[in-house]
Amino acid sequence: MNTIMRKSVLSVAGLAFAGGVFAGPIAAHANPVDAKPVAAAVQSTAPKPQGDQAHISLNDEQTANAKAIIAATKKAGLPERAAVISIATSLQESKLENLGHLGDANDHDSLGLFQQRPSSGWGTPEQITDPAYSTTAFLKGLRQVDGWQDMPLTQAAQTVQVSAYPDAYAQWEQQATDLVAQHWNS
C-alpha cells in the first residue's frame with residue numbers, strides 16, 4: 001500500500017475511533033429517530049491518468065482485441081488494473097490491431113497487439129499474433145515487476161516493453177480505463 005493511501009486509511013480509522021470514544025456514551029442515549037445518515041467522501045484508489053490523453057474510435061476488430069485482453073487478464077487471475085495497463089500498452093504499440101509483419105515499416109520483427117519480438121523470446125510469430133497468448137506473455141512480464149500495481153501505468157508498461165518511447169503509454173490510460181470499465185463484467 002502506498003504511503004498516501006496508508007495515511008488516508010489510518011486517518012479515517014483514527015477519526016472513527018475518536019468519534020466512537022467521544023460520541024459513544026452520548027450516542028448510546030440519543031434518540032434513534034433523530035439519527036440522520038452522514039455522507040462520507042470516499043477517495044478512489046485508481047491512479048489519475050498522467051498528462052494529455054489520446055483517444056481513437058475503435059472498429060469491431062479492435063474492440064474484440066480489447067475484450068480478448070480483458071478475458072486473458074481475468075483468466076490469469078489479475079485485477080482490472082492489469083487489464084488497463086495491458087490495453088493502454090496495446091493502444092500505444094498497435095492501436096489494438098493484431099499486426100503481422102509490416103515490411104520496412106516494421107520495428108525489427110515486432111508482431112501482434114503488443115509488438116512483441118520472436119527474436120527477443122516472446123514466442124513464435126504464430127503465438128505472438130494470438131491475442132490470448134500475447135496478453136498472457138505481457139502479463140507474465142508485468143507480474144515480474146515489483147510494485148506494478150502502485151506505479152504509474154507508463155512506468156509499469158515500460159518496464160515490461162522496454163520501448164524507445166517510455167512515456168507514450170500514459171496517453172492511453174483514460175481510454176484503457178474506460179474500455180475495462182465497459183467490458184470487464186460483460
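Against which helices do the buried residues of helix 5 pack? They pack against helix 2, helix 3, helix 4 (125-128) and helix 6.

## Basis of the model

This is a predicted model, in which local features need pLDDT of at least 70, side-chain atom pairs count only at pLDDT 80 or more, and totals for chains, interfaces and linings use all residues. Residues are numbered from 1 along each chain as its sequence is written, and side-chain values use heavy atoms, with hydrogens and water left out.

Helices are DSSP runs (H or I, at least four residues), numbered from the N terminus. Buried means under 20% relative accessible area, exposed means over 50%, and partly exposed lies in between (1.4 Å probe, protein chains only). Contact means heavy atoms within 4.5 Å.

Helix 5 has 13 residues, which should span 18 Å at 1.5 Å a residue. Its end C-alpha atoms are 18 Å apart, which agrees. The expected span is 1.5 Å times one less than the number of residues. The buried residues of helix 5 are Pro 131, Ser 134, Thr 135, Ala 137, Phe 138, Leu 139, Gly 141 and Leu 142.

Two packed helices are described by the angle between their axes and the distance between the axes. Helix 5 (residues 131-143) packs on helix 6 (residues 153-161) at about 110°, and the axes are 9 Å apart. The two helices are therefore roughly perpendicular to each other (65 to 115 degrees; under 35 is roughly parallel, over 145 roughly antiparallel, the rest oblique). Axes are lines fitted to C-alpha atoms over the stretch in contact, and angles run from 0 to 180 degrees between N-to-C directions. Helix 5 contributes Phe 138, Gly 141 and Leu 142 to the contact, and helix 6 contributes Ala 156, Val 160 and Gln 161. These residues divide into 4 nonpolar, 2 polar and no charged.

## The nonpolar core

The largest nonpolar core has 35 residues. Such a core is a set of buried Ala, Val, Leu, Ile, Met, Phe, Trp, Tyr and Cys residues joined through side-chain atoms within 4.5 Å. Ile 85, Ile 87, Leu 96, Phe 138, Leu 142, Trp 148 and Val 180 touch the most other members. Helix 2 (60-75), helix 3 (80-94), helix 5, helix 6 and helix 7 (173-183) each give two or more residues. Helix 3 gives the largest share, 7 residues.

Ile 87 touches Ala 66, Ile 69, Ile 70, Leu 96, Ala 176, Leu 179 and Val 180, not counting residues up to four places away in sequence. With the same exclusion, His 183 touches Thr 63, Lys 67 and Ile 70. His 183 lies in helix 7 and is buried, with a relative accessible area of 10%.

Helix 3 has 15 residues and reaches 21 Å from its first C-alpha to its last, close to the 21 Å expected. Of its 15 residues, 13 are buried, so helix 3 is largely enclosed by the rest of the structure.

Most residues other than glycine have a negative phi. Lys 95 is partly exposed at 31% relative accessibility, whereas Leu 96 is buried at 0%. Leu 96 is found in the loop between helix 3 and helix 4.

Leu 111 is found in that loop between helix 3 and helix 4. Leu 111 is buried, with a relative accessible area of 7%. Its C-alpha atom is separated by 9.6 Å from that of Glu 93, 18 residues apart along the chain.

How values were computed. Ala, Val, Leu, Ile, Met, Phe, Trp, Tyr, Cys and Pro count as nonpolar, Asp, Glu, Lys and Arg as charged, and the others, Gly among them, as polar.
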